[in-house]
Amino acid sequence: MANITLVQAINLALVQEMEKDDRVLVLGEDVGLNGGVFRVTEGLFKRFGKDRVVDTPLAESGIIGTSIGLAMSGLRPIPEIQFEGFLGPAYDQICSHAARMRTRTRAAFTVPLTIRVPVGGGIHAPELHSDSPETIYAHQPGLKVVMPASPYDAKGLLISAIRDPDPVIFFEPKRIYRAFREEVPEDEYTVPIGKARTVCEGEELTIVSWGASVVQCMQAIERSNASIELVDLRTIYPLDMDAIEASVKKTGRCVIVHEAPKTSGFGSEIAAQIMERCFLHLEAPVQRVAGFDTIMPYYKLETDYLPDADRIEKAIEEVRAY
Amino acid sequence: MPITKALETQIDHVSILDEHGAFDEQLGAGLIPDEDLIKLYEHMVVCRQLDEVAFKLQRSGRMGTFPQNMGQEATSLGAAYMLDDTDWMVTCYRENCGLFWRGLPMEKILQHWMGDERGNQIDREHYCTPIAVPIGTQMLHATGLAWAAKYREEKQIACTFFGDGATSEGDFHEAMNFAANLDIPVIFFCQNNQWAISVPTSIQCSAPTVAQRGIAYGVECLQCDGNDIFAVAWCMKKAIESAREHHRPVFIEAVTYRLGDHTTADDARRYRDEEEVELWKTRDPLNRMREYLKGKKLWNDSKQAELQERAEKTVAEAVERAETIEAPEISDIFNWTFAEIPEQIAKQRDTMRTSSIGQDPAQIAAEQTTNA
Amino acid sequence: MAGVTQPKDQSHFILPDLGEGVHEAELIKWRVSVGDTVKEHETIAEMETDKALVEVPSPWNGTISELCGAEGEIILVGSVLVRYGTPETAAVAAAPAAASEAAASDEPSDGSEDAGTVVGSVSGELTVSDRFARKAPDPVEMTNGHTKALATPAVRRIAREFGIDINLVPGTGRGGRVTASDVHAHAGGTSAAPTPSAPATTSSAPTSGFTPQAVAIPADLPPVDAGNVAEVIPFRGVRRKIAEALDQSVKTAVHFTVVDEADVTALDLKRREYAKVLGAKLSLLPFVMTAICKALRVHPALNAIVDDAQSQILRKDSVNLGCAVDTEHGLMVPVIHGAETLSVAQLGQAVSQIARGCKDRTIERERLTGGTFTISNVGSYGGMFATPIINYPEVAILAVGRAKERVLAEDGRMFVGNVMPLSLSCDHRVVDGAEGARFLNTVVTLLQNPVELIDS
């Protein structure tokens, strides 16, 4: 076991999978000698050489498009898009090809690739470095969307993603890249894609969250005297609705927390499915604590934009008191 | 049939004032009047001073990420100097020197990097578009702006700035293709500073020049020494004439060097040799200009000392202005998503500190019954 | 990691995020010593983050009084790096802690004051509390005791109104669901009339704005046939309040009703013109309201309330026109205050505003009281004449029926007109029959003469 950060856990997963399987390669902007702008790929260039850790031209569509080709031939590319704000140019390749190739060719071709993308706000960064676009990709059939909230899950989920036969977008919450450490086994292990984690159990209310917001939820729970169950989705799609259902049926109350804008955020989908599955158990309307339907502000205002423990706490009280 | 040549071409490289002080009178004489030279040099020094202060501000937590302009002052400045004040400057984020020449207040730039959108609220009269963070995207906007001017039968043109890395993005190629085929008066000004963060130009372009990328689109191409403001001005003069008079786009590759890190969040020592940096320091556009002015007896050490003092004061005052601007209110962000605030967003604004933003308060307050 | 706010008094320098999302940095080398005077931007330390080796400058001029950390140490973003002190502030620091509010004397070991300056929720190094610690490699199977009731939100609401914990109600519905009847049965035993323990209050749900009022039930009620019941509806909430109000009105005021008709053919044309000009839908109701306001000026006896406690009649000055609105929650009577000062268009707006307010229950409490006369638009549901119940303590109410084309006669000639039926109820204790009839006649005359109605 090693007490490491989320960045180090991802790095460890990459090293181990690359050691084990020479079909795995890493490509992207600055991932080589520089070790990535967040140092996630630190040391890989030295260890595995320039043929497996590739600094590409500055072209997101090119990075994903060529990765699709690499994957179609049977390799396991792990492209990095430097920030979620730069996914835009690659959107066409991701949604028009990576997601559809299996269906389009009836599995004559598949695209086993893992797109690593730092995501979310809270790090004082310039424009287009703080967004939360997970719902956009969760809504594209054919993609799996993963977002770990802890070092342990990051390593296990990334190994699962790399081994997955289909395209996975692996969102890495920047705000918790280095925010805390966790004991992570040095041996390889997997955390299954599509399975949520119950972070703590409770009887009165369920909080569903993912990514960096999970930490905000923990803080709100720490302050509250209520018995609260926290479900960390870990995977956005496929959604582990069974875990949410079991929890909400037990507690009868639910708060969903995410950074993305509230309207059409992934919380909407979860709330709808709770209505479908838990209607008779609900003792209060499902509440969402989320970003606003505005452009993510520059960093001077980002802490006001992002859901924090205060806002979560208010929602907890409101839903409990309903 | 014998094989014939379908195309034969060459790329001209323009250099007027080299790093050793040699000056090409034939090309350079009369290009920039002496009094303008002094003003241009002063702008470079102020811009360099801002770089140094901004770096310290970031390190002491007074500012967010900042990209220094060091080493590239002559490129955007030379271009801005040659353009008309009503020509569009469609920049990336390393063109401070040219923007200041246009009169953009320094505190606006500081405010932007201090994490406040209001730094982008640029008066239209500057004809400068806001800092473009997503790489390469702004070249298409420049093409559109110039297209609009042509459509309106105005003499206005656009000049767009970008780096060598941006020429790998699809948008670059689409912009060049549009401009060439639709006869749009836009100048594509590539600041080839050798590095896209840690990735060298060789990974963006393995042809001998970046400039020749324009040939494929039928665009006239030029390469110049980007640290030589005379060479930049010479190329711009030619390009402006072509764009303004003939609606033909021109691609200029200005060869320069990013002396600093990519941004304050970067550490260039990790991926490039100090030797290379030292070499390029000898080609620094500021030194070159200062020595040239001294040679022409237009400059001396006391003027330099006076200028340095003035630059420090100018920057310190701008920093003070930027730091004393009242912090934005969070409610402000709701006012700018649309021209008219949709009710849904207004409601989020009014309930942003409640348990559930955007929800009708009547819905939340469980059982408020009115007595009929 | 979000920004760090430096202390205004410049007493110490807090290590900021040196890159993007940096949480800590290793102190490589001090470049200053205690007692050194530093200038703004002068380097004080060399530090290494995961991303870069950086020189950290001083944000202001000052004299270093303390270096908070040793070379080789990891310093967390948000913690104090150096302290500054001029001779004066150094003296303050030496004084007892209570001496200075400026807190230049913060004990480093305390830390809580300094930590407060960190903006953002994830502080430098977050330790995850034990309760969130990973217990097993993967989620433990969750127990689901199902001790809680299954019920639709609608039924839960009923239970809440009864002050009943729904989890205690045995469910007889599909899959063990608690139904509305289950709640009623639980609340009232075998009797259909619920008799919750009085005063009934919500036992479990705190801060609920609505607490059902215990209703005084007369002792000598006739026996109730409890058989053949399709649905039991609790006589509570808004419904009960309506009942009480009407009961009091009928028992107190002496009602009489007088009816008449108005030919609103011309008025209806006027209405269309108005609607066109306003570009909005407009009913005849605001015109009738205007007619009432004008008629009340002529017959002020009807713009009054009865103060039975003091045995006096209070004639009112301005017309606060109550407007009976049927909502899904039951009858509500919002009031348009100062209706006589409003134009037809303004009245039209006011009507739709209050209707909306009643429907979504956002209407303010003040707008539900203070009426001096009430209008009830029974016609919108298809009635002609009515015997409206006065909104006690007011003394009169006008019910407006639906205007319909009818054959009329005048001077021995038949013609087709658009006829609106009107029914006026008055409290005979205050208003005589003749007075009521005269008032109604004035209303009819105004409605038949739109020019006079609108222009005068």
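**Talking through a predicted model**

Modeller: In chain C, 60% of the contacts with a separation of 6 or more join residues 24 or more positions apart. Please keep in mind that this is a predicted model.

Colleague: Thanks! How much of chain C is made up of buried residues, and what makes a residue buried?

Modeller: A residue counts as buried if 20 or more other C-beta atoms lie within 10 Å of its own. Of the 456 residues in chain C, 36% are buried. Chain C also has ten helices and 18 strands.

Colleague: Why is strand 5 of chain A said to be largely enclosed by the rest of the structure?

Modeller: Six of the six residues in that strand, residues 114-119, are buried, so strand 5 of chain A is largely enclosed. Both faces are covered: A:T114, A:R116 and A:P118 are buried on one side, and A:I115, A:V117 and A:V119 on the other. As background, side chains in a regular strand alternate between the two faces of the sheet.

Colleague: How do you know that strand 5 and strand 7 of chain A pair?

Modeller: Pairing needs at least two bridges. Strand 5 and strand 7 (residues 168-173) of chain A have six bridges, in the parallel sense, so they pair. Within this pairing, A:R116 stands opposite A:F170.

Colleague: What makes strand 5 and strand 7 of chain C edge strands?

Modeller: In chain C, four strands form an open antiparallel sheet in the order 5-4-2-7. Strand 5 (53-57) and strand 7 (74-76) of chain C each pair on one side only, and these are the edge strands. From one strand to the next, the twist averages 45 degrees.

Colleague: How many bridges join strand 2 to strand 4 of chain C?

Modeller: Four bridges join strand 2 (residues 24-30) of chain C to strand 4 (residues 43-48) of chain C. With at least two needed, they count as a pair. C:E26 has C:E48 of strand 4 of chain C as its bridge partner.

Colleague: Which residues have the most contacts inside the largest nonpolar core?

Modeller: That core has 210 residues, and A:V255, B:V186, B:I187, B:V232, B:C235 and B:I252 have the most contacts inside it. Helix 2 (residues 34-59) of chain B gives the most to this core, with twelve residues. Another core, of 58 residues, lies apart from it and includes C:A304 and C:L440.

Colleague: Where do chain A and chain B come into contact?

Modeller: The contact takes 40 residues from chain A and 39 residues from chain B. Helix 12 of chain A gives the most to the chain A side, with four residues.

Methods
Residues numbered from 1 in each chain as written. Chains lettered and ligands numbered in written order. Predicted model: local features only at pLDDT ≥ 70, side-chain atom pairs only at ≥ 80, totals over all residues. Contact = placed C-beta atoms within 7 Å. Buried ≥ 20, exposed ≤ 12 C-beta atoms within 10 Å, placed from the backbone. Core = buried A, V, L, I, M, F, W, Y, C linked by C-beta atoms within 7 Å. Axes fitted to C-alpha atoms, helices over the stretch in contact; angles between N-to-C directions.
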